[in-house]
Amino acid sequence: MPSISTAIFSILILLSAIHGGASRAPFACDPKNAAASNYAFCRRSLGVAERVKDLIGRLTLEEKVKLLVSNAGAVPRLGIKAYKWWSEALHGVSNVGPGTTFGGEFPAATSFPQVITTAATFNASLWEAIGRVVSDEARAMYNGGVAGLTYWSPNVNIFRDPRWGRGQETPGEDPLLAGIYAVNFVRGLQGTDGNRLKVAACCKHFTAYDLDNWNGVDRFHFNAQVTKQDIEDTFDVPFRMCVKEGKVSSVMCSYNQLNGVPTCADPNLLTKTLRSQWRLDGYIVSDCDSVGVFYDTQHYTSTPEEAAAMAIKAGLDLDCGLFLQTHTENAVKRGLLSEAHINGALGNTLSVQMRLGMFDGDLKTQPYAHLGPKHVCSAANRQLAVEAARQGIVLLENHRRSLPLSTRRHRTVAVIGPNSNVTLTMIGNYAGVACEYITPLQGIERYAKTIHQQGCRGVACRTDKFFGGAIEAAREADAVVLLMGLDQSIEAEFRDRARLLLPGLQQDLVLKVAAAAKGPIVLVLMSGGPIDVSFAKDHPKISGIIWAGYPGQAGGLAIADVLFGQTNPGGKLPMTWYPQDYVSKIPMTTMGLRPSPSYPGRTYRFYKGTVVYPFGHGLSYTTFTHKILNAPTALTVPLSGHRRRQNATDFSGKAVRVTHTKCDRLSLVIHVAVRNTCQRDGPHTLLVYSSPPMGLWAPQKQLVAFEKVLLEAQAQKEVQINIHVCKFLSVVDKFGIRRIPMGEHEIHVGNVRHSVSLQAETLGIIKS
């Protein structure tokens with residue numbers, strides 16, 4: 001994993017120096033309640049399982065049913081308060097769910113860049129650091145009585161289609177990138193104190209959920225038809241990593257059906273996969289009112305009682321909504337469900353609450369009791385938000401090395417565009433109340449005199465009425481910065497895009513300003529999803545193009561720092577930027593990833609057509625070279641158990657089933673020298689891909705590792721890359737079976753290629 005940068009380390013030192021306090025009354029087991037000392041579930045000396053069993057044994061059926069929903073009822077006779085399970089912390093503590101409110105001592109929380117922007121850093125240590133800060137603030141707010149401890153974040157769905165309105169919430173289109181993000185952000189949120197949880201994270205939305213409302217099809221009615229191959233190879237990867245490696249304490253099932261079965265009613269997904277195969281230690285929650293959706297909207301069951309019984313028996317533990325509270329008791333009375341099933345669901349939710357310390361009585365004696373208002377919106381937290389934005393900004397074009405701008409030559413800058421002075425736009429969706437805002441205009445004002453003209457009133461840009469002022473500003477200024485793009489009115493939850501172009505008349509504004517400008521013109525794009533800006537790529541007067549994503553509360557400062565060279569950009573695109581004609585060829589409802597003669601395929605792993613910018617693209621103000629110092633040319637994959645001949649119809653060569661190997665610890669180790677060849681310090685993202693022996697089902701290439709490296713001017717560092725053979729050099733056949741292709745695998749490190757031959761330990765090749 002990438003090592004923590006010097007900047008992040010210094011910020012964490014600042015964080016450790018802050019002190020605060022807790023004042024909240026206990027959720028349960030209050031030492032002031034004399035009866036609490038008699039309850040085994042209140043005894044910290046006992047194991048969690050024993051405490052949970054004791055508590056469930058004391059509850060009536062009516063009380064149990066009230067605990068099956070997100071607004072869980074109180075049990076006054078046992079001293080247990082009501083609890084709101086739904087809180088969000090996608091990129092900072094949010095007030096989207098009812099479990100968290102802002103006000104009083106907690107008027108705001110640090111709002112980091114939207115996830116798609118943070119993913120562009122390719123910096124796993126940064127993701128964990130952000131998670132730690134968010135959980136510090138969440139715990140502080142819980143101690144202050146204004147937040148919960150269960151946060152339904154992160155969103156680790158695959159950004160499969162560029163039109164998806166919620167793609168901004170995800171780490172992008174690559175399953176390994178999404179999985180590593182999930183592992184590290186969850187680790188930051190939940191802490192590393194054994195079985196105890198700092199807060200409880202939740203990986204969502206399981207699974208194959210990536211359509212909200214497109215062309216008359218919405219998420220409540222959508223039946224995602226997905227092959228076993230794509231489920232295993234792509235859609236399930238980040239969830240599997242989140243559960244098995246990140247040890248997440250919750251998973252949320254999604255609204256859609258998967259191959260005709262609602263995900264929240266599918267025992268193969270919830271019980272067989274999550275619990276039996278991946279060993280989820282935690283609870284499974286529905287997306288809000290998903291059980292009601294598969295009854296009322298999808299008409300999957302005849303009665304609401306059948307729906308309630310089906311969900312719980314499938315493995316659902318908690319309902320975001322009221323459906324289970326309303327219909328579960330009747331389901332038991334009608335014999336559709338046993339009380340034992342309910343006990344099983346409660347065992348999973350109550351165990352998480354126990355691990356959070358919610359049944360440990362006095363908060364002042366608990367590990368995170370010191371966290372208070374001083375830990376929220378602290379100087380160190382704000383600085384980390386700026387650092388995350390700086391690292392996530394992607395330099396797409398820099399013609400004639402026009403960037404960075406010069407404070408000496410570019411003393412007057414025209415700041416133009418609908419996103420030039422925005423605040424809320426910068427924090428994207430699922431955000432809370434930010435500590436502060438530094439807009440792009442305010443950031444640029446720190447470096448130069450500005451002439452500000454919006455040109456468009458809002459990103460919809462329906463009229464050219466205000467173009468005149470923008471054009472005149474461009475004529476007067478030494479340089480022009482155009483801040484264009486999207487916002488939540490264009491892409492959001494339940495709002496997928498129809499087109500990939502800049503909305504309304506934005507392109508016209510860019511071209512007219514470019515025609516009038518006398519100095520360099522920089523196009524800065526705010527968006528979650530990709531934008532087709534082909535018109536600007538090779539325009540003779542547009543010097544540079546920058547993608548800032550949604551850069552968080554201080555995004556304007558980060559943008560200005562990159563524009564004027566205070567920050568050397570090092571971000572890389574976590575998704576493919578397709579041309580507009582791509583979306584005319586492919587319905588959003590078609591889930592397949594692999595191409596066919598009439599279908600272009602999806603994501604960089606399978607799509608071979610023209611792109612505006614490829615996955616992983618991102619320039620720097622410096623240049624870097626790569627040299628492989630040491631790497632094997634051959635590896636032997638040890639086989640285990642019985643050996644039979646393979647039915648070799650799936651690949652042009654031979655492939656070994658992963659489950660028939662002994663390669664849990666088998667890694668391909670590559671030592672790479674990375675050199676900064678310029679006179680400027682800079683970060684570099686080392687992306688490592690593998691192209692497996694080509695067969696019918698193999699991707700053209702796939703990300704197998706990445707490292708973030710900070711290099712001083714003219715410096716060189718040696719980086720060790722460890723590629724787990726079974727996990728990352730394997731492919732998935734059409735039956736959903738993961739296999740390791742034997743033969744030549746080509747490893748891509750920058751512009752350097754290295755071939756390694758994988759061979760089975762014997763001539764016997766395993767049959768499927």
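Q: Why is helix α7 (residues 228-235) described as largely enclosed by the rest of the structure?
A: In this predicted model, six of the eight residues of α7 are buried, so the helix is largely enclosed by the rest of the structure. The buried residues are Gln-229, Asp-230, Ile-231, Asp-233, Thr-234 and Phe-235. They pack against α6, α8, β8 (257-258), α22 (603-606), β24 (731-732) and β25 (738-741).

Q: What makes strand β20 (residues 667-676) mostly covered?
A: Seven of the ten residues of β20 are buried.

Q: How do you know that β20 pairs with strand β17 (residues 624-630), and in which sense?
A: Pairing requires at least two bridges, and β17 and β20 are joined by six, in the antiparallel sense. Within this pairing, Val-672 of β20 is the bridge partner of Ile-628.

Q: How many bridges join β20 to strand β23 (residues 716-724)?
A: Nine bridges join β20 to β23, and the two strands run antiparallel. Val-672 stands opposite Val-719 in β23.

Q: Why is the contact of Arg-196 with Asp-360 called a salt bridge?
A: The closest N and O atoms are 2.9 Å apart, and the criterion is a distance within 4 Å, so the pair qualifies as a salt bridge.

Q: Is Arg-196 buried or partly exposed, and on what grounds?
A: Its relative accessibility is 21%, whereas buried means under 20%; Arg-196 therefore counts as partly exposed. Asp-360, at 7% relative accessibility, counts as buried.

Q: Which salt bridge does Arg-275 form?
A: Arg-275 forms a salt bridge with Asp-317, the closest N and O atoms being 2.6 Å apart. The pair links Arg-275 in helix α9 (residues 267-277) with Asp-317 in the loop between α11 (304-314) and α12 (323-333), 42 residues apart. Both Arg-275 and Asp-317 are buried.

Q: Why is the ring pair of Phe-159 and Trp-164 called edge-to-face?
A: The planes stand at 70°, and an angle over 60 degrees is edge-to-face, so the pair is classed accordingly. The ring centres are 6.5 Å apart. Phe-159 counts as buried because its relative accessibility is 3%, and Trp-164, at 0%, counts as buried.

Q: How do you know that Lys-701 sits over the ring of Tyr-689?
A: The charged end of Lys-701 is 4.0 Å from the ring centre, and the distance criterion is within 6 Å. Lys-537 likewise lies over the face of Tyr-613, at 4.8 Å from the ring centre. Tyr-689 also belongs to one aromatic cluster, whose members include Phe-122, Trp-127 and Phe-706.

Notes. Residues are numbered from 1 along each chain as its sequence is written. This is a predicted model: local features need pLDDT of at least 70, side-chain atom pairs count only at pLDDT 80 or more; totals for chains, interfaces and linings use all residues. Side-chain values use heavy atoms; hydrogens and water are left out. Buried means under 20% relative accessible area, exposed over 50%, partly exposed in between (1.4 Å probe, protein chains only). Helices (H or I, at least four residues) and strands (E, at least two) are DSSP runs, numbered from the N terminus. A salt bridge is a side-chain nitrogen of Lys or Arg within 4 Å of a carboxyl oxygen of Asp or Glu. Contact means heavy atoms within 4.5 Å. Rings of Phe, Tyr and Trp (its six-membered ring) pair if their centres lie within 6.5 Å; planes under 30 degrees apart count as stacked, over 60 as edge-to-face and the rest as tilted. A charge sits over a ring if NZ of Lys or CZ of Arg is within 6 Å of the ring centre and within 35 degrees of the ring normal.
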